[in-house]
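Dear colleague,

Please find below the structure I promised to pass on to you.

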Amino acid sequence: MIKWLDIKETFRNRRFILFTLIFPLGWYIMIINISRAAKFFDVSNGALWFVVACVIGIAGNSIVTFSKKISETQQFYRLQSKTSHYAMKHWLLDQVVVQSVLNLSICAVNVLVGSLLKAITVNLSLLVLIILILGLGLYLSVIGFLIGILVDGDTISALSMPLSMGYDSVGHIHVR
């Protein structure tokens with residue numbers, strides 16, 4: 001139940017939609033159109049750009065969105081594990097499922113657009129690429145989880161903005 005609520009909440013998150021779906025997708029469409037206009041588009045470039053677009057979205061989801069969510073909810077789940085049968089390991093397993101579904105949805109959107117633009121061919125090689133990308137997504141989710149545990153939400157928000165240094169007025173990074 002918690003898994004599906006997390007997924008629903010994430011799909012309602014404007015930052016998730018913008019930075020992990022729309023921006024990588026926009027980049028993907030732009031680079032395909034530019035390469036076709038410049039007459040250097042081929043199938044291997046299409047596959048490479050598909051991977052890059054997926055990794056951009058998955059990295060944004062796994063490191064930024066996920067770490068912020070972990071930072072904001074970890075106290076609740078620690079209390080939950082002490083007062084109910086919902087143990088921390090159950091929470092971690094639920095988060096693995098949630099991240100896998102979100103990362104798969106990022107790949108699915110890119111597959112759909114890549115197929116519509118005839119930039120990629122849906123075949124066994126693409127399936128292997130997606131499986132490898134999802135494996136990378138789990139690895140990046142572990143990094144995001146550790147960042148969420150170690151760094152407070154305000155600092156994560158500040159670090160996720162490209163122009164921000166993540167420092168407070170005294171010049172220190174907030175670390176727990």
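Phe 145 counts as buried in this predicted model, because its relative accessibility is 19% and the cut-off for burial is under 20%. Phe 66 is likewise counted as buried, with a relative accessibility of 4%.

These two residues form an aromatic pair. Its geometry is tilted, with 6.5 Å from centre to centre and 35° between the planes. The pair joins distant parts of the chain: Phe 66 belongs to helix H3 (residues 43–83) and Phe 145 to helix H5 (residues 124–150), 79 residues apart. The count of aromatic pairs comes to six.

Elsewhere, one aromatic cluster is made up of Phe 40, Phe 41 and Trp 49.

Turning to the nonpolar cores, the largest has 24 residues, and within it Tyr 28 and Phe 50 touch the most other members. Helix H2 (14–37), H3, helix H4 (88–116) and H5 each give two or more residues to this core. Beyond its neighbours within four places in sequence, Tyr 28 is in contact with several residues, among them Trp 49, Phe 50, Val 113 and Ile 120.

A second, separate core consists of six residues, including Phe 66, Ile 70, Tyr 77 and Trp 91.

With kind regards

Note on methods. Residues are numbered from 1 along each chain as its sequence is written. This is a predicted model: local features need pLDDT of at least 70, side-chain atom pairs count only at pLDDT 80 or more; totals for chains, interfaces and linings use all residues. Side-chain values use heavy atoms; hydrogens and water are left out. Rings of Phe, Tyr and Trp (its six-membered ring) pair if their centres lie within 6.5 Å; planes under 30 degrees apart count as stacked, over 60 as edge-to-face and the rest as tilted. Helices (H or I, at least four residues) and strands (E, at least two) are DSSP runs, numbered from the N terminus. Buried means under 20% relative accessible area, exposed over 50%, partly exposed in between (1.4 Å probe, protein chains only). A nonpolar core is a set of buried Ala, Val, Leu, Ile, Met, Phe, Trp, Tyr and Cys residues joined through side-chain atoms within 4.5 Å. Contact means heavy atoms within 4.5 Å.
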